[in-house]
Amino acid sequence: MSKRNYLKELSSIACNDLTDIGAGKEGWLIDNPNLICALDTRSIALSNKFTILIIPWSDPDAPRVKIRPELSPIEAEYITALEWLVFEDIRVVIVGTSSGYLLIYALTGDLIHRQRVHHGRILKLRVRGTKKDRAQEMSSEEVCVVMPAVIARFDGYNIQSMLQRWFDKKQENFWDENHKINDYEDMGNSHGRLPYQLWNVSKYGSCADAAITGVMPPPLMELQSSHGYYCAVTIGEDAVISAYRLSEDKNRSLVGAILSRVVPATFSTIASFSKMLWRSEPTSTKKPEETIQAFAKASPLTCLKDHPRKGEKLTLSPSGTLAAITDSLGRILLLDTRALVVVRLWKGYRDANCFFTEMLVNKDRADPNSYFQPVKSDYCLCLAIHAPRKGIVEVWQMRTGPRLLTIQCARGSKLLQPTYRFGSSSDSPYVPLEVFLLNGDSCQLIHLWIVKDITD
């Protein structure tokens, strides 16, 4: 068996605007805990506590965008999470703040939506989806919001519908100048609140990271229940790993979905008509207090406590059946999220960062002169482990396969992966999971592509 790997420098993101993010100092990319990176197939978004910088790496001539969200000085609010939302013809950035707000911005810097999820800091925004195939009985696309004691789920379809309405309204050039001045502050809520589900997952202590791994069967004696169920895995200080069954009332979510589409459109029409009639009357500038969603039921399933070990970061496989978890003792645990059993353990990887990736194993499909396009079955699932203290990236075959590759990388580099793309058609060519390296010293974005040839 022979192995080949390709490390290709794609583009440099170096620019003067990076100094606003903290670039220019040694180790700026990995030593700043407030620096957040989010990669897209065209651009990279970086943020510190108060500024977001979007750099189109695929087109160096495209303009860069700098966004400074309006954050509350009273609450000492700052940016704590950043991610891309990519649909067929819509690309936006989604931001989480220390006060529990979810902000969505267009690439022009316009605020599209602002909504409070819950009181507290948003730790992570996790965008993922699963397609219906032989292994998956149903498809699901979602944005998962992780907070120290709370996990929330936004359905991808609801987000896409709201974004489509916003962009359609913008193209119609509906707002006149007077309307823009009077109602600019309400633009972020002009299309109503996004419906979502909210669960309290603090039974075993606060969490540092979490993920909804997928749909799970109902408990015994509840086969005819109107509830749907998700499995959630959390990691933290008190319990390295915890698992919960999250209950979702299908009837309530259906009504909420209908109301979320009808009420905002009706309210917007009535409000616009009223302002045309009563434009001369002074309007109240006081905003109504935003209500917080009630918790749905979260039932604890199991937990692993191993003091002084603490869970730090979590990454999911595409299907959600595997999770790689890093801890404070330099170990990486591979968790089967269906059986809730640790199936593999690596040691000696302090401050590691992991992503699942896919390797092309079919030699015929790997030939660039081959007529055939690779399909999903031509790839095998792997785990890429970046060990910054060692200055290496290792690639291991899942679940119990060998280490396939070890490559040296510059210290001060960061391992990144493009965000999941919503709504990609099953008829389109298969796009495998890929990983990239961003060199903090040279600001070069490097594509790591690994091919394993099978020889007779």
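1. Buried is taken to mean under 20% relative accessible area, exposed over 50%, and partly exposed in between (1.4 Å probe, protein chains only). By this criterion, both Phe154 and Tyr196 are buried.

2. The structure is a predicted model, in which local features need pLDDT of at least 70 and side-chain atom pairs count only at pLDDT 80 or more, while totals for chains, interfaces and linings use all residues. Residues are numbered from 1 along each chain as its sequence is written, and side-chain values use heavy atoms, with hydrogens and water left out.

3. On confidence: pLDDT is the predictor's confidence in each residue, from 0 to 100. Its mean over the protein is 83, and 78% of the residues reach 70 or more. Over residues 178-185 pLDDT stays under 50, and the model has six contacts (heavy atoms within 4.5 Å) beyond four places in sequence for this stretch. Residues 252-267 also stay under 50, with 12 contacts beyond four places in sequence.

4. On aromatic pairs: rings of Phe, Tyr and Trp (its six-membered ring) pair if their centres lie within 6.5 Å; planes under 30 degrees apart count as stacked, over 60 as edge-to-face and the rest as tilted. The count comes to nine aromatic pairs. In one of them, the ring centres of Trp57 and Phe436 are 6.4 Å apart and the planes stand at 50°, so the pair is tilted. Trp57 lies in the loop between strand E4 (52-56) and strand E5 (65-67), and Phe436 in strand E27 (residues 435-439), so the pair ties together parts that are 379 residues apart in sequence. Helices (H or I, at least four residues) and strands (E, at least two) are DSSP runs, numbered from the N terminus. Trp57 is buried at 12% relative accessible area, and Phe436 is buried at 5%.

5. The rings of Phe154 and Tyr196 have centres 4.7 Å apart and planes at 20°, so this pair is stacked. Separately, Phe87, Tyr420 and Phe422 form one aromatic cluster.

6. On charges over rings: the criterion is NZ of Lys or CZ of Arg within 6 Å of the ring centre and within 35 degrees of the ring normal. Lys49 lies over the face of Tyr78, 4.7 Å from the ring centre. The charged end of Arg114 sits over the ring of Tyr101, at 4.1 Å from its centre.

7. Strand E6 (residues 79-86) has eight of its eight residues buried, so it is largely enclosed by the rest of the structure. E6 pairs with strand E7 (residues 91-97) in the antiparallel sense over seven bridges; pairing requires that DSSP find at least two bridges. Ala81 stands opposite Gly96 in E7, and a hairpin of four residues joins E6 to E7.
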